[in-house]
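Open the model in your viewer and keep the selection tool at hand.

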Amino acid sequence: MPTVLITGAARGLGLDFVKQYAAKGWKVLACARQPDGLKAVKGDIQPHGLEVTDYAAVKALAKALSTEAIDVLICNAGISGREAGDLGSIDPAVWRETFEVNALAPLMMAEAFVEHVARSQQKKMIAISSRLGSITHNDGARYAYRASKTALNMEWQSLSKDTAGKGLISVVLHPGWVQTDMGGKAATLTIDQSVPAMVKVIDGLKPADNGRFINYDGTAIPW
Ligand SMILES: NC(=O)c1ccc[n+]([C@@H]2O[C@H](COP(=O)([O-])OP(=O)(O)OC[C@H]3O[C@@H](n4cnc5c(N)ncnc54)[C@H](OP(=O)(O)O)[C@@H]3O)[C@@H](O)[C@H]2O)c1
C-alpha cells in the first residue's frame, strides 16, 4: 500500500487526512506536536512528534525515515496570524511566526523529504494553502496570513519547476472555508465535505497537474 506523511495531524483537516488515508489502507506517517491521541485512530498509523519549525527535528525525522518511500507528502500545519491581521494592528512578532509556520516550515519539509517522495510510486508534494493567498482574489485585510500563503504558493511553483525532472507532482490545495478551529463555526464547509474531496483530487493528480493551484473540488484557482 502507498504511504502518506501529514503534518499538523492531530486535529482539524490534518486529523481527517489521517483518518481518510488510514481507511483506504495506506500507511500513515502522522506528524503532530502532540501525537498521543493519534494512537486511537484505527489503521496503519505511525505517530511522530513534530514541531514543524524545529528544523533539526525535521531533518532528524527525515533521517529516521530514510528507508521510506513517501507517495504523498501533505504539508498541512498552519496558523491564522489573525492577531496581526489588519492595518493598524501589524505585529512583527506575529508576522514572523506566521511566515515561519506557513511559508518556511513547509519548504523545509519539502527539502528534507524530496528524495523520500522521489523514490515513491506516486511522487506527490501537497501544500495546504488558501484562496486568501491568491493575489487575483484579494479583497483586503488578513495581511500576515495572506502574504504567508502567497509565499507558500510561490515556493511550490519553484518546487514544481525544480523537481519536475524527478517526476514529482507539486500542487497547492485550497480546502475551502472549513469548520475547524481555524475556520470557525460560520465556515461554509464541514470537514467531511472538504477532506474527502481533497483526497479525491490528490488521487487523480497527473504529471500535467504539476505546479497548479487547485480548489478542494478540483477546479483551478488563479494565482
Ligand atoms: N479551515 C479553513 O477554513 C482553512 C482554509 C484555508 C486554508 N486552511 C489551511 O489548512 C491547514 C489546516 O488548517 P485547519 O483548518 O485544520 O486548522 P486548525 O484546526 O487550527 O489546525 C492547525 C493544525 O496545524 C498544526 N500546527 C500549527 N502550528 C504548528 C507547528 N508550529 N508545528 C506543528 N504543527 C503545527 C496544529 O497543531 P497543534 O494541534 O499542535 O496546535 C493543528 O494540527 C492550514 O495550513 C490552514 O492554513 C484552512
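Select Y55, V58, K59 and A62 in helix α2, then M108, M109, A112, F113 and H116 in helix α3: these two sets meet, contact being C-beta atoms, placed from the backbone, within 7 Å. This contact divides into seven nonpolar residues, one polar and one charged (Ala, Val, Leu, Ile, Met, Phe, Trp, Tyr, Cys and Pro count as nonpolar, Asp, Glu, Lys and Arg as charged, the others, Gly among them, as polar).

The model is predicted: local features need pLDDT of at least 70, side-chain atom pairs count only at pLDDT 80 or more, and totals for chains, interfaces and linings use all residues. Numbering starts from 1 along each chain as its sequence is written.

Now show α2 as residues 55-64 and α3 as residues 92-118; their axes lie 10 Å apart at an angle of about 10° (lines fitted to C-alpha atoms over the stretch in contact, with angles from 0 to 180 degrees between N-to-C directions). α2 and α3 are therefore roughly parallel, the term for angles under 35 degrees. Helices are DSSP runs (H or I, at least four residues), numbered from the N terminus.

Next, select α1 and α5 (residues 191-203), which pack at about 55° with axes 10 Å apart. In α1, L13, D16, F17 and Q20 meet I191, S194, V195, P196 and V199 of α5. Six residues of this contact are nonpolar, two polar and one charged.

Finally, select the ligand: 29 residues surround it, the closest being G8, G12, G78, T180 and G183 (C-beta atom, placed from the backbone, within 6 Å). Helix α1 (residues 12-23) gives the most to this shell, with three residues.

Note on methods. Parallel < 35°, antiparallel > 145°, perpendicular 65-115°, else oblique.
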